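Here are a few notes to read alongside the model. They go from helix packing to the domains and then the ligand.

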Amino acid sequence: MNAKKKHSLSVFFNKEYRSIVRGEGMYLWDDQGKRYIDASGGPIMSNLGHGMEEMAETLYNQVKKIEYVFRMDFTSPEMEAACTGICEATGGDMERVFLVSGGSEATETCIKLARKFQIDAGRPSKFKIISRWMSYHGMTGGAMNLSGFPFRRKDYAPYISNNFHIPPAYCYRCWFNQKPDTCHLECANALETEILCQGPESVAAFMVEPISGMSLCGAAPRKDYFKRIREICDRYEVLLVMDEVLTGFGRSGKFFAYEHFDTPPDIMALGKGLGGGYFPVGAAVMNTRVYETIANASGLFMSGHTWAGNPMAAAVICKTLSYLEEHQLIARSAKMGEYLARKLEGLRSHPTVGDIRGEGLMRGIEFVKDKETREPLPPETMFWMILHELAQENGLVIDSSSGCDRGQAGDQMMFGPPFIITEAQIDEVMEIFEKVLTQAEKQIGF
Ligand SMILES: Cc1ncc(COP(=O)(O)O)c(C=O)c1O
């Protein structure tokens with residue numbers, strides 16, 4: 001076998017990817033012995049840090065007990081404990097959990113649940129799902145259909161036809177040209193307009209990220225946005241579905257990001273941090289109304305993939321829940337997030353730093369060519385990629401993306417480190433990042 005020849009593929013076919021051989025806490029090491037500080041937990045995923053001995057034991061012990069049972073045949077103590085733990089974490093807002101194997105599967109399952117709820121509630125004409133532009137709900141067909149992230153959708157546009165998108169809650173580039181003192185929550189009222197134009201009798205649900213993930217890197221709506229959204233949803237018997245795949249399980253400094261707005265959804269998608277970064281798992285979580293409506297009518301939800309609800313994933317959820325609690329990691333996400341936010345303010349003097357936003361340990365930066373006019377950087381500079389590459393060269397892992405200005409331009413990045421990060425490690429991240437940013441700005445002529 002030719003050891004040099006590679007057969008693996010990732011997103012960029014012609015890129016040489018560095019090979020990671022070990023991880024511990026906040027750090028990763030490649031096969032050349034180079035160390036990286038992980039300031040994004042991969043794609044804002046590893047909430048607990050790398051190489052956890054206790055998680056290795058959890059997985060090992062679970063394999064020895066039982067590695068797999070099919071959810072259509074059996075339940076398991078681990079699945080029961082995991083689902084109870086998730087519902088308890090919502091403080092009673094949620095009633096039942098349908099486990100799946102990842103974030104995209106979770107958002108699609110939420111949509112199927114919303115449809116099933118409407119059928120069983122005696123409203124079978126309701127099937128349309130409205131979501132928002134500049135959102136991301138996953139890469140599978142149905143999830144991409146919901147996503148309003150042009151860069152990730154455009155190659156597959158011919159296959160995704162049922163798009164009903166409203167403008168995002170994106171104050172830095174308000175699509176209604178409002179300022180905080182003139183805003184009437186036009187972005188929330190747009191939901192009512194869309195429902196009316198589609199015909200309320202046809203709309204089943206509104207799907208939304210409570211705080212934007214990589215499509216708008218931490219953009220959060222005004223505090224009363226979701227109260228207005230809830231009123232509109234209830235007026236037209238439209239379910240409120242929140243995608244908490246990225247925000248859920250402590251990322252925003254609260255257990256669930258909906259708590260920032262005091263507005264629980266009817267159905268919620270979970271993924272990423274649900275498994276602490278140790279196992280592919282996701283969930284569609286529903287409130288009592290949704291659960292009882294289906295339970296008391298058809299009692300059937302024909303959905304789910306082979307791996308859904310497997311005891312390995314469930315055991316990892318249980319361990320994640322107990323670890324978060326024991327180490328008070330959600331309070332830590334809030335506290336370290338504030339420290340990180342204060343440090344980020346120091347970057348405002350950089351010529352490209354346009355906006356700094358986010359909550360907890362999801363903190364984004366949007367880069368611009370002109371701070372005054374907010375004109376984005378020319379997209380062909382690929383600033384988001386330059387940053388990502390230079391960061392890696394300098395031993396720092398960050399997540400970045402492009403297209404926040406209506407898909408045409410707009411470079412941004414997000415810090416989303418594991419919650420175990422210390423102040424000293426935030427300082428380390430900032431020291432490297434400041435150097436990287438200066439280098440990247442020079443490279444594009446600043
Ligand atoms: C908000 C949100 N929803 C859904 C997904 C899709 O999750 P997955 O990549 O696990 O399928 C992601 C992934 O980045 C996400 O950030």
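Is the crossing of α11 and α13 left-handed or right-handed?

1. The crossing of α11 and α13 is right-handed, meaning that the near helix is turned clockwise from the far one by less than a right angle. Before going further: this is a predicted model, where local features need pLDDT of at least 70 and side-chain atom pairs count only at pLDDT 80 or more, while totals for chains, interfaces and linings use all residues. Residues are numbered from 1 along each chain as its sequence is written.

2. On the α11 side, Met336, Tyr339, Leu340 and Lys343 make the contact, and on the α13 side Glu423, Ile426 and Met430 do (contact: C-beta atoms, placed from the backbone, within 7 Å). By class that is five nonpolar, no polar and two charged residues; here Ala, Val, Leu, Ile, Met, Phe, Trp, Tyr, Cys and Pro count as nonpolar, Asp, Glu, Lys and Arg as charged, and the others, Gly among them, as polar.

3. For the geometry, helix α11 (residues 329-345) and helix α13 (residues 423-443) have axes that come within 10 Å and cross at roughly 30°. Axes are lines fitted to C-alpha atoms over the stretch in contact, with angles from 0 to 180 degrees between N-to-C directions. The two helices are therefore roughly parallel to each other (under 35 degrees; over 145 is roughly antiparallel, 65 to 115 roughly perpendicular and the rest oblique). Helices are DSSP runs of H or I with at least four residues, strands are E runs of at least two, and both are numbered from the N terminus.

4. α13 also packs on helix α12 (residues 383-393), with axes within 9 Å and a crossing of roughly 135°. That makes α12 oblique to α13. The contact involves Phe383, Ile386, Leu387, Leu390 and Ala391 of α12, and Phe433, Val436, Gln439, Ala440 and Gln443 of α13. Its residues split into eight nonpolar, two polar and no charged.

5. On to the domains: the chain is divided into domain 1 (20-51 + 331-443) and domain 2 (66-326), with bounds from an automatic or database domain assignment. Their C-alpha centres lie 26 Å apart. At the interface, 32 residues of domain 1 are in contact with 28 of domain 2. β15 gives the most to the domain 1 side, with six residues.

6. Last, the ligand. Of the 15 residues around it, Gly103, Ser104, Gly138, Gly213 and Val245 come nearest (near: C-beta atom, placed from the backbone, within 6 Å). Helix α4 (residues 103-120) gives the most to this shell, with three residues.

Notes: Two residues are in contact if their C-beta atoms, placed from the backbone, lie within 7 Å.
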